[in-house]
Structures are given as structure tokens and as C-alpha cells.
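Here are my notes on the model, as numbered points. Please read them with the structure open.

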Amino acid sequence: MFPAAPTSSRSKKLIENLPPFHLAIKVRDLAEARAFYGDLLACPEGRSSEEWVDFNFFGHQLVCHLQKDSLPAASKEVSNVVDEHDVPVPHFGAVLDLPAWDRLSQKLKAANVQFVIEPYIRFRGQPGEQATMFLLDPSGNAIEFKAFQDIQTQLFQK
């Protein structure tokens, strides 16, 4: 529903040439993880067991491991200031094209998701200008979704 691949042909080529990334995170409840990542974020589910579940997180492998007793601290409690906002550390996320980012932003707002940082344009008029938003999953893992006008030229622009 929210494709990670950008719309420009140059940006699509960049993304197609990247190997999928693998990330394993702790979650307190697999049903919550399935509702959040599978239902809300529309990430297709892959393999699973009673202790973990794989998701296709915008083309990358996200594995949610059940850890009832050892959860991440609510990531909004540890932060670094970026563009006058307290960015949660650590965090992970996906870089989307702008139309997909906007659709996801609207979907999350309609679902009354509480944002750590509301959707906005960061570094407006500067190199690296980007749309960004931060939220927490039900287990406290911080997630950022960002987008650029042209991922190919702006993602690592100084």
C-alpha cells in the first residue's frame, strides 16, 4: 500500500540496486506487532514462530522478537536535537517517495497515531530538505519515515 520505491526512474534505480537490510527488534506482544506493522503500516508478514515474526518493512526484513521482560526504553526519553526537534535515539525507518510519505502520514493521522514528532518539512530550503515524522510502535521502538523530492540527489546531500 505504501511502496518504498520512489517514482523517478533515477531514484528507482538507486533503490533497486540496494540489498535488503535486516533488522531485529524487541516487542512485548506479537499480536500488537502484527496489528501495528501488518495492519496499520501494511507490511506483509513473512515467516513466524511463537517467538518472532518477519515483516517486509518497505522492502527490508524486520524481525520482531518477543521479549516480554526486556523492552527498549521509550525512545522518546533519549534524544538529540535536530532542526529544533527532539529526535528519539535510537530509531529506524524507511525513506519513501513524497506521495507515499503523504499517504502514510494521512493514514496515521486518520488512525489517531500519537506522533513523537508530527509530520513536517525539515531543513526547508536547505540541502537535504526532507519530509519527516516520528512515532513509536506499541513496544516503544522509535520509527522515522522520511521523504525527499529526489532521493538520488538529496539522501546524502551536504
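1. Start with Thr 132. Leaving out residues up to four places away in sequence, Thr 132 touches Trp 101, Glu 118, Pro 119, Tyr 120, Arg 122, Glu 144, Phe 145 and Lys 146. Contact means heavy atoms within 4.5 Å. The Thr 132 side chain also makes a polar contact with the side chain of Glu 144, at 2.7 Å. A polar contact is a pair of N or O atoms within 3.5 Å; within protein, one must be able to donate a hydrogen and the other to accept it, and residues adjacent in sequence count only if both atoms are side-chain atoms.

2. Basis of the values. This is a predicted model: local features need pLDDT of at least 70, side-chain atom pairs count only at pLDDT 80 or more, and totals for chains, interfaces and linings use all residues. Residues are numbered from 1 along each chain as its sequence is written, and side-chain values use heavy atoms, with hydrogens and water left out.

3. Burial of Thr 132. Is Thr 132 buried or exposed? Thr 132 counts as buried because its relative accessibility is 0%. Buried means under 20% relative accessible area, exposed over 50%, partly exposed in between (1.4 Å probe, protein chains only).

4. The strand around it. Thr 132 lies in strand β9, which spans residues 130–136 and has 7 of its 7 residues buried. Strands (E, at least two residues) and helices (H or I, at least four) are DSSP runs, numbered from the N terminus. Gln 130, Thr 132, Phe 134 and Leu 136 point one way from β9; Ala 131, Met 133 and Leu 135 point the other way.

5. Partners of β9. Two strands pair if DSSP finds at least two bridges between them. β8 (residues 115–122) pairs with β9 in the antiparallel sense over 5 bridges, and Tyr 120 stands opposite Thr 132. β10 (residues 142–148) is also antiparallel to β9, over 6 bridges. There, Ala 131 stands opposite Ala 147.

6. The hairpin of β9 and β10 has 5 residues between the strands, and Gly 140 takes a positive phi near 95°. Asn 141 lies in this loop and is buried, at 8% relative accessible area. Its side chain reaches the backbone oxygen of Lys 26 at 2.9 Å.

7. The core. The largest nonpolar core has 31 residues, and Cys 64 and Phe 145 are among those with the most contacts inside it. Such a core is a set of buried Ala, Val, Leu, Ile, Met, Phe, Trp, Tyr and Cys residues joined through side-chain atoms within 4.5 Å. β9 and β10 are among the elements that each supply at least two residues. The largest share, 5 residues, comes from α2.
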